Amino acid sequence: SATPDQAAQAINAFGIDLHRQMPKEGNLCLSPYSIQSALAMTASELSPSLCEAPLAEFGRLAEANGFIPIVVLTPAAYSAYGSTVSFSDARWKQPMADYNATQSAWLKAHAERLGFAFFDATPGMQDKAGREPLLYFPSNAHLTVAGHKALAEVTAGQVQQLLNGKP
């Protein structure tokens, strides 16, 4: 079994190796951990059950502090821009799509089991991805200011419904 340091070094080496193989023109978004996780989940070597303990702790925090626990799946850039994303290796496209779907299904089921609200922001972010300024930084796949604004807009109505007592 690998130590956390060994795992981090392996993920970094994987990312550096992928980067060397990528075309150098245009925007490049590389998330070696996401790719590794998606491939492992597709091969049933990884389960989203790693989120069970943090979700349970989230529930304890909500109860202790009197807030409504809401779990929002924020899609990765490759999911938000799914219709326009191209991978240098076409074999990654389906595992990456499956990864988002698997995370969504697992989080939805477990959030419901724990009594949390769950929102999958993927459809709303996909809708905004083609019409809004760049939602994700090309260099690190995190949300830009426009991306955070879009995510807030996508989830605001759902949160308001929840606060009004509607599912």
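The buried residues of α6 are Thr 122, Met 125, Lys 128 and Ala 129. Buried here means under 20% relative accessible area, exposed means over 50%, and partly exposed lies in between (1.4 Å probe, protein chains only). The four sit on the same side of α6, because they cover an arc of only 130° around the axis. That arc is taken from the directions from the helix axis to the C-beta atoms. The cover over the buried residues of α6 includes β1, α4, α5, β2 (117–120) and α7. Contact means heavy atoms within 4.5 Å.

This is a predicted model: local features need pLDDT of at least 70, side-chain atom pairs count only at pLDDT 80 or more, and totals for chains, interfaces and linings use all residues. Residues are numbered from 1 along each chain as its sequence is written, and side-chain values use heavy atoms, with hydrogens and water left out.

### The chain overall

The chain has 7 helices and 2 strands. Their order along the sequence is α-α-α-β-α-α-β-α-α. Helices (H or I, at least four residues) and strands (E, at least two) are DSSP runs, numbered from the N terminus. Of the 167 residues in the chain, 32% are buried. Among contacts with a separation of 6 or more, 59% join residues 24 or more positions apart.

### Helix α3

Helix α3 spans residues 52–65, 14 residues in total. From first C-alpha to last, α3 reaches 20 Å, close to the 20 Å expected at 1.5 Å a residue. The expected span is 1.5 Å times one less than the number of residues.

Leu 55, Gly 59 and Ala 62 are buried in α3. They lie on the same side of α3, because their arc around the axis is only 65°. The buried residues of α3 pack against β1 (70–73) and α5 (93–114). On the face turned away from the buried side, α3 carries the exposed residues Ala 53, Ala 64 and Asn 65. After α3 comes Gly 66, with a positive phi near 70°.

### α3 against α5

Two packed helices are described by the angle between their axes and the distance between the axes. For α3 and α5, the angle is about 35° and the axes are 11 Å apart. Axes are lines fitted to C-alpha atoms, for helices over the stretch in contact, and angles run from 0 to 180 degrees between N-to-C directions. From α3, the contact is made by Glu 52, Leu 55 and Ala 56. From α5 come Trp 106, Leu 107, His 110 and Leu 114. By class, the contact has 5 nonpolar, 1 polar and 1 charged residues. Ala, Val, Leu, Ile, Met, Phe, Trp, Tyr, Cys and Pro count as nonpolar, Asp, Glu, Lys and Arg as charged, and the others, Gly among them, as polar.

| Residue | Place | Relative accessibility | In contact with |

Ala 77 and Met 125 are 48 residues apart in sequence, and 9.3 Å apart in space, C-alpha to C-alpha. Met 125 is one of the buried residues of α6.
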